[in-house]
Amino acid sequence: MEKKYLFSPGPTMLPPEVLLKMAGPIMHHREPEFEKIFAEIREGLKYLFQTKNEVLIFTSSGTGAMEGAVSNILSEGDKALVVRGGKFGERWGEICKAYGIEFIPIDVEWGRAVDPKRIKALLESNPSVRAVYTQASETSTGVKHPIHEIAEIIKKHDGTVLVVDAITGIGVFNLPMDAWGIDVLISGSQKALMLPPGLAFAALSDKAWKFVERSDLPKYYFDFKKELKSTKKNQSSYTPAISLFVGLREALHMIRKEGIEAVFRRHEKLAEATRAAVKALGLELYAPDSPSNAVTAVKVPDGIQGGKLKNMFFEKFGITVAGGQDQAKGKIVRIAHLGYYERLDMIMVISALEMLLKEMGYPFELGTGVKAAEEILMK
Ligand SMILES: Cc1ncc(COP(=O)(O)O)c(C=O)c1O
């Protein structure tokens with residue numbers, strides 16, 4: 001028998017409740033029934049993003065909303081600051097480049113969080129910077145960036161907005177958009193939202209909407225102003241991924257039922273247990289100082305090839321974990337715990353890690369990692 005398990009930081013495993021809803025007959029997106037679903041989704045997303053403003057939904061992967069957060073926020077000749085501490089930070093730079101936006105990179109060592117003081121200093125010496133682009137959770141390294149501190153700095157600059165890619169942050173840890181003053185907050189469906197890939201989300205503060213008013217960069221599909229108008233009528237501008245919307249309503253119900261605080265606590269516990277297990281096995285975290293509760297990046301021990309370990313997870317147990325990218329290739333495996341994951345899911349993946357390491361000749365006592373995780377999970 002073969003069972004498959006996703007422990008990759010997106011796509012993630014899906015709840016049967018969501019799958020069942022999406023399996024229903026397709027409806028038309030201009031029908032009153034769909035508008036009703038849309039209205040519920042709008043409220044659910046505001047709860048999840050912790051904002052009074054609308055959350056825009058695009059039928060695309062998360063990168064679509066990232067692109068929109070450049071093409072709708074900036075104007076020709078504007079300058080940006082880009083936090084580059086991994087693959088997704090680099091993506092902000094690539095999008096800016098595609099739109100002819102000059103940007104100052106803040107290069108951060110992989111596995112480390114950005115120091116907000118660097119942002120503060122660069123903003124003071126470059127007052128023409130209009131936007132700061134960062135991740136909340138840099139999925140490629142397993143790092144959490146200090147968004148609250150960064151937001152405090154940017155709040156003092158009227159002419160600058162903070163744009164946060166929270167694709168693996170939303171629904172994982174606290175990012176209260178309005179309370180912290182985050183100007184643009186982005187997410188995607190295939191992460192903590194417990195859905196298949198295909199939807200991207202963007203919420204904007206009142207300050208960010210003013211930037212949209214003056215933005216003159218070219219845009220068509222990802223036109224925030226146009227989408228806001230449609231959203232307010234419980235419509236999307238173009239044909240949406242209807243089945244995903246139906247699934248989204250269910251996923252948002254589930255989140256609301258559990259309660260956002262409880263959702264954060266669950267993620268924290270699963271992440272803590274995973275980190276404790278890995279350390280008990282004598283392995284090192286790739287992001288030791290500021291780990292994200294979305295995904296744990298583990299350094300593979302000397303003599304073990306990360307790519308091989310990742311492949312063995314799948315071959316022996318049907319488990320998909322992620323490997324490292326670019327400079328982290330072959331050096332890490334990334335075990336995700338965002339979305340539809342519970343305590344015993346982590347025990348399973350840690351147990352699989354132990355069995356594989358044992359087979360590969362890494363010396364330790366079987367059960368050490370599982371025990372460490374159990375001790376946290378029982379608290
Ligand atoms: C932090 C972060 N940003 C951006 C993306 C890109 O999202 P997508 O692949 O949905 O376009 C991902 C996907 O893994 C991500 O984790």
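**Figure 1. Helix H3 gives the largest pocket three residues, the largest share of its lining.** The model shown is predicted. About 260 Å³ of space lies in this largest pocket. Its lining holds 19 residues, and those closest to the pocket centre are Phe88, Arg91, Ile167, Gln190 and Lys191. Two elements, H3 and H4, each give two or more residues to the lining of the largest pocket. Sorted by class, the lining of the largest pocket consists of 10 polar, five nonpolar and four charged residues.

**Figure 2. The ligand takes up the space of the largest pocket.** Helix H3 (62-71) and helix H4 (87-98) are the elements that give two or more residues to the shell around the ligand. From H3 come three residues, the largest share of the shell around the ligand. The ligand is surrounded by 13 residues, and the closest of them are Ser61, Thr63, Thr139, Asp165 and Lys191. In this shell around the ligand, seven residues are polar, three are nonpolar and three are charged.

**Figure 3. Side chains of Asp165, Gln190 and Lys191 and their distances to ligand atoms.** In Asp165, a polar side-chain atom lies 2.6 Å from a nitrogen atom of the ligand. The side chain of Gln190 has an N or O atom 2.8 Å from an oxygen atom of the ligand. For Lys191, an N or O atom in the side chain is 2.5 Å from an oxygen atom of the ligand. On its own the ligand has 390 Å² of accessible area, and the protein covers 88% of this. Lys191 is also listed among the residues closest to the ligand, and both Gln190 and Lys191 are among the lining residues closest to the centre of the largest pocket.

**Figure 4. The largest cavity, with about 50 Å³ of space.** By the rule applied here, there are two cavities of 30 Å³ or more. Lining the largest cavity are Ile57, Phe58, Thr59, Tyr221, Glu227, Ser236, Ser237, Tyr238, Thr239 and Pro240. Strand S2 (residues 55-59) supplies three residues, the largest share of the lining of this largest cavity. Five residues of the lining are nonpolar, four are polar and one is charged.

**Figure 5. The second largest cavity, with about 40 Å³ of space.** The residues that line the second largest cavity are Thr141, Gly142, Arg275, Leu285, Ala287, Pro291, Val295, Thr296 and Ala297. Here the largest share of the lining, three residues, belongs to strand S12 (residues 295-299). The lining of the second largest cavity has five nonpolar residues, three polar residues and one charged residue.

**Figure 6. A cis peptide bond between Gly10 and Pro11.** Omega of the bond that joins Gly10 and Pro11 is about -5 degrees. Pro11 belongs to the loop between strand S1 (5-6) and helix H1 (16-22). Most peptide bonds are trans.

**Figure 7. Gln50, a residue other than glycine with a positive phi.** The phi value of Gln50 is near 55 degrees. Gln50 is part of the loop between helix H2 (32-49) and S2. Strand S2 also contributes three residues to the lining of the largest cavity. Most residues other than glycine have a negative phi.

Terms used:
Residues numbered from 1 in each chain as written. Predicted model: local features only at pLDDT ≥ 70, side-chain atom pairs only at ≥ 80, totals over all residues. Heavy atoms only, no water. Near = heavy atom within 4 Å. Polar contact = N/O pair within 3.5 Å; in protein donor to acceptor, adjacent residues only side chain to side chain. Areas by Shrake-Rupley, 256 points an atom, 1.4 Å probe, with all protein chains shown as cover. 1 Å grid on protein atoms, 1.4 Å probe; cavity = no way out; pocket = protein on both sides within 12 Å on 5 of 7 lines; lining within 4 Å. Sits in = over half its atoms within 2 Å of the grid points. Helix = DSSP H or I, 4+ residues; strand = E, 2+ residues; numbered from the N terminus. Nonpolar A, V, L, I, M, F, W, Y, C, P; charged D, E, K, R; others polar. Points joined across faces, edges and corners; volume = space filled by probe spheres on them.
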